[in-house]
Amino acid sequence: MANEEVVSQSSSTGWRATQAYILAVVCLLIGLAVGYLFRGSRSPAPSRPAAQAVADPAAAAHAGMGGRGGQPPTLDQMRQMADKKAEPLLAKLKDDPKNADLLVQVAKIYFSTHQFTEAADYFKKSLDVNPKDVAIRTQLASCLYYSGDVDGALLQLSQATTDDPKDANSLFNLGMVRWQAKKDNKGALSAWAQLLKTNPKLEPAKKGPG
């Protein structure tokens with residue numbers, strides 16, 4: 001009985017050490033922005049009114065439109081900018097509706113201006129043409145996550161990791177969504193453990209030089 005308790009305690013200690021190591025590596029990856037598609041480690045925000053200013057300076061700068069008094073553009077203004085920028089691409093799509101590259105270009109325009117629902121629609125259309133495109137499926141998951149559809153994001157990321165079990169971006173994001181949105185620490189650690197196992201070059205050196 002005593003031996004069994006020792007073994008149990010040893011296994012528990014070993015698992016806690018593994019968890020701590022994985023979390024340490026993931027924190028390092030976040031710091032280095034390796035495989036990190038989400039802009040920041042935020043949870044999905046609730047629907048925002050169109051008049052609300054976007055609090056993302058990088059996106060505002062990318063949009064190239066300022067609000068009144070030097071304020072960042074509103075989501076409504078950014079939507080107008082996206083529509084205008086996407087207009088020539090949408091015209092091309094009328095003649096070539098299954099052009100996956102054009103669909104992705106339009107999706108990225110809407111994504112960069114926080115129009116995540118519209119971006120998701122075009123990423124989905126691209127995946128209808130190329131269903132095995134893991135990179136696009138992972139971007140679709142980001143759109144769904146930011147629009148508040150956490151379960152949809154997890155479904156897409158799970159499919160991405162099924163299509164390519166070694167894809168670092170989808171594995172990393174799968175862990176992030178499980179951790180942040182679902183509070184599923186065990187599931188997050190499982191995804192990150194697979195990330196480190198299949199991408200050993202992402203693992204920091206365990207030993208110093210010499």
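Predicted model: local features only at pLDDT ≥ 70, side-chain atom pairs only at ≥ 80, totals over all residues.
Reader: Let's start with charges. How many salt bridges does a search of the whole structure find?
Author: To count as one, a side-chain nitrogen of Lys or Arg has to be within 4 Å of a carboxyl oxygen of Asp or Glu. Run that search over the whole structure, and the number of salt bridges is four.

Reader: Which helices hold Arg79 and Glu118?
Author: These two form a salt bridge, with their closest N and O atoms 2.6 Å apart. The pair links distant parts of the chain, 39 residues apart. Arg79 belongs to helix α3 (residues 75–95), while Glu118 belongs to helix α5 (residues 116–129), so the names you want are α3 and α5.

Reader: Is Lys132 buried or exposed?
Author: Lys132 forms a salt bridge with Asp163, the closest N and O atoms being 3.2 Å apart. Asp163, at 23% relative accessibility, is partly exposed. The cut-off for exposed is over 50%, and Lys132 has a relative accessible area of 63%, so Lys132 is exposed.

Reader: On to the rings. Why does the pair Phe172 and Trp192 count as tilted?
Author: You describe a pair of aromatic rings by the distance of the centres and the angle of the planes. Planes under 30 degrees apart are stacked and those over 60 are edge-to-face, with the rest called tilted. The centres of Phe172 and Trp192 are 6.2 Å apart, and the pair is tilted because the planes stand at 40°.

Reader: And what is the pair of Trp179 and Trp192 called?
Author: Trp179 lies in helix α8 and Trp192 in helix α9, so this pair ties together parts that are 13 residues apart in sequence. The ring centres are 5.8 Å apart and the planes are at 75°. Anything over 60 degrees gets one particular name, so this pair is edge-to-face.

Reader: Which residues do ring pairs link into a cluster?
Author: The count comes to seven aromatic pairs. Some ring pairs link up into a cluster, and its members are Phe111, Phe116, Tyr145 and Tyr146.

Reader: Last stop, Ala188. How far apart in space are Ala188 and Met176?
Author: Ala188 lies in helix α9, and at 1% relative accessibility it counts as buried. Ala188 and Met176 are twelve residues apart in sequence. From C-alpha to C-alpha, the distance in space is 6.6 Å.

Reader: Which residues does Ala188 touch, not counting those up to four places away in sequence?
Author: Touching here takes heavy atoms within 4.5 Å. One of the residues Ala188 touches is Trp179, whose ring also pairs with Trp192.

Technical notes. Residues numbered from 1 in each chain as written. Heavy atoms only, no water. Helix = DSSP H or I, 4+ residues; strand = E, 2+ residues; numbered from the N terminus. Buried < 20%, exposed > 50% of the residue type's maximum accessible area, 1.4 Å probe, protein only. Phe/Tyr/Trp six-rings, centres within 6.5 Å; stacked < 30°, edge-to-face > 60°.
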